[in-house]
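I begin with the helix.

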Amino acid sequence: VGIEWRGRPGYDWDWFVNPGFLPAYTPAQREAIIDEAFRLFKDTFGYYPQVAGSWLMDIHSLAYMSDKYDMKAFCVCREQFAVDAYTLWGGYYSGGFYPSRKNMLCPAQTPEAGIATPLFRMLGLDPLYGYDEQKYTDKIWGCPTMEPVWGPGSNPDVVDWYLDTYYKNPCLTLSQMTTGQENSFGWDMIQNGYRMQAEKIAAYRDKGWVSVEKLGDTGEAYQKAHKITPASALCATADWTEGGHQSVWYSCANYRANLFLHEGKLFFRDITKFDDRYTERYLTEACSAWDARYDNLPVVDGRLWSKNGQNSEMVISRPVKAMTCIEKGQTLEVDLLFSDGCHGLILLSPKGITAEACGELIYTMGDADADLTVSGNDLRFAYRDFSYSVSTNGLTAIDGSYRFTGEEGIVRI
């Protein structure tokens with residue numbers, strides 16, 4: 001299409017974002033590249049592609065493909081920070097979502113604000129250790145995903161845990177993972193883990209526990225069932241490392257949240273707000289760097305804001321022994337068994353988070369790259385020149401932390 005290839009000498013493909021990925025080009029150049037790729041595909045196979053995927057894509061390209069070619073599904077890399085050149089941080093964690101027309105990683109809050117093709121995450125991320133990687137275990141070799149080239153994805157016992165976690169626990173709407181590995185590793189490195197996974201997946205299919213299908217079929221069914229992004233959950237109530245950890249991820253069109261249990265301490269490790277007005281960095285401008293970053297609006301970021309002796313977290317003030325998850329429509333009920341034998345309840349719903357009989361929730365922002373001011377019961381944030389807020393029904397500031405005190409034993413966020 002008349003664009004000079006800028007790859008480094010000696011590379012027949014270049015994994016740097018600039019020049020190997022669509023965001024490295026102007027919007028007009030992206031459209032030209034897409035049209036030529038789709039033309040070649042149709043000349044070869046007789047029809048246009050119905051699915052497109054890449055480690056990274058930008059929302060201009062996704063919207064262009066969705067609008068012009070009536071796509072059934074897209075897929076991008078799992079949640080990760082600075083792995084190779086690709087950061088996707090603060091996105092919809094599992095299942096699928098309709099992206100905002102301003103940000104590839106952000107669900108739209110209305111059909112009008114989003115594209116008509118759902119986006120799915122690749123690689124089958126570990127809901128316990130995929131967020132902080134080596135922080136809570138030293139038993140992971142390689143990436144904490146289902147990728148068959150790495151330690152977890154090549155270990156039959158861990159793969160059993162992945163399949164049980166994704167497909168036997170509450171998920172609200174859809175639990176989905178992709179199989180396989182990028183070609184650059186080569187078949188010799190992939191074959192043993194991939195064959196083992198395929199046999200286990202086939203056994204799950206034969207028992208009626210999973211449906212094995214092409215991503216386009218998943219996307220088409222999703223489009224028929226949902227006009228706006230539904231809630232989804234990924235609940236890890238067992239720990240394959242036998243470390244006693246539990247982790248619950250909840251995602252909906254408005255936010256995502258992660259409850260994590262570590263040695264009796266239960267806390268929100270991550271809360272990220274979704275706003276379809278928040279614009280990605282590459283909507284109109286080409287990425288000129290070797291790496292790229294996509295994100296959303298952080299409230300709690302236990303990975304990136306916990307540094308220099310400060311933690312970013314929201315802690316349930318009572319010691320917890322275990323969590324149990326129950327589906328109630330678009331709401332995930334998390335029953336808490338406290339160390340004293342009593343019970344509490346956390347409700348994760350599209351409207352927000354509710355904690356009943358849990359005591360106070362203690363919020364510390366950490367060493368953040370966002371600004372925070374407090375007005376009454378509102379926490380008001382500014383991140384990348386974008387303003388957003390979180391409201392509660394009772395807030396007290398004490399010693400550098402904020403205590404969500406609620407009313408009559410109930411905290412609402």
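How many residues has helix H2, and how far does H2 reach from its first C-alpha to its last? I worked on a predicted model, in which local features need pLDDT of at least 70 and side-chain atom pairs count only at pLDDT 80 or more, while totals for chains, interfaces and linings use all residues. Residues are numbered from 1 along each chain as its sequence is written, and side-chain values use heavy atoms, with hydrogens and water left out.

**Entry 1, helix H2.** I found that H2 (residues 27–45) has 19 residues and reaches 27 Å, close to the 27 Å expected at 1.5 Å a residue; the expected span is 1.5 Å times one less than the number of residues, and helices are DSSP runs of H or I with at least four residues, numbered from the N terminus. I then listed the buried residues of H2, which are Pro-27, Arg-30, Ile-34 and Phe-38, where buried means under 20% relative accessible area and exposed over 50%, with a 1.4 Å probe and protein chains only. Seen down the axis of H2, these buried residues fall within an arc of 55° and therefore line one face of the helix, the arc being that of the directions from the helix axis to the C-beta atoms. They pack against helix H3 (59–69), whereas Ala-28, Asp-43 and Thr-44 are exposed on the other side of H2. Just after H2, I noted a positive phi of about 90° at Gly-46.

I looked up helix H5 (residues 156–167) and helix H6 (residues 187–206), which pack at an angle of about 40° with their axes 11 Å apart; axes are lines fitted to C-alpha atoms over the stretch in contact, and angles run from 0 to 180 degrees between N-to-C directions. Contact (heavy atoms within 4.5 Å) involves, among others, Val-159 and Leu-163 of H5 and Ile-201 and Tyr-204 of H6.

Conventions
Helix = DSSP H or I, 4+ residues; strand = E, 2+ residues; numbered from the N terminus.
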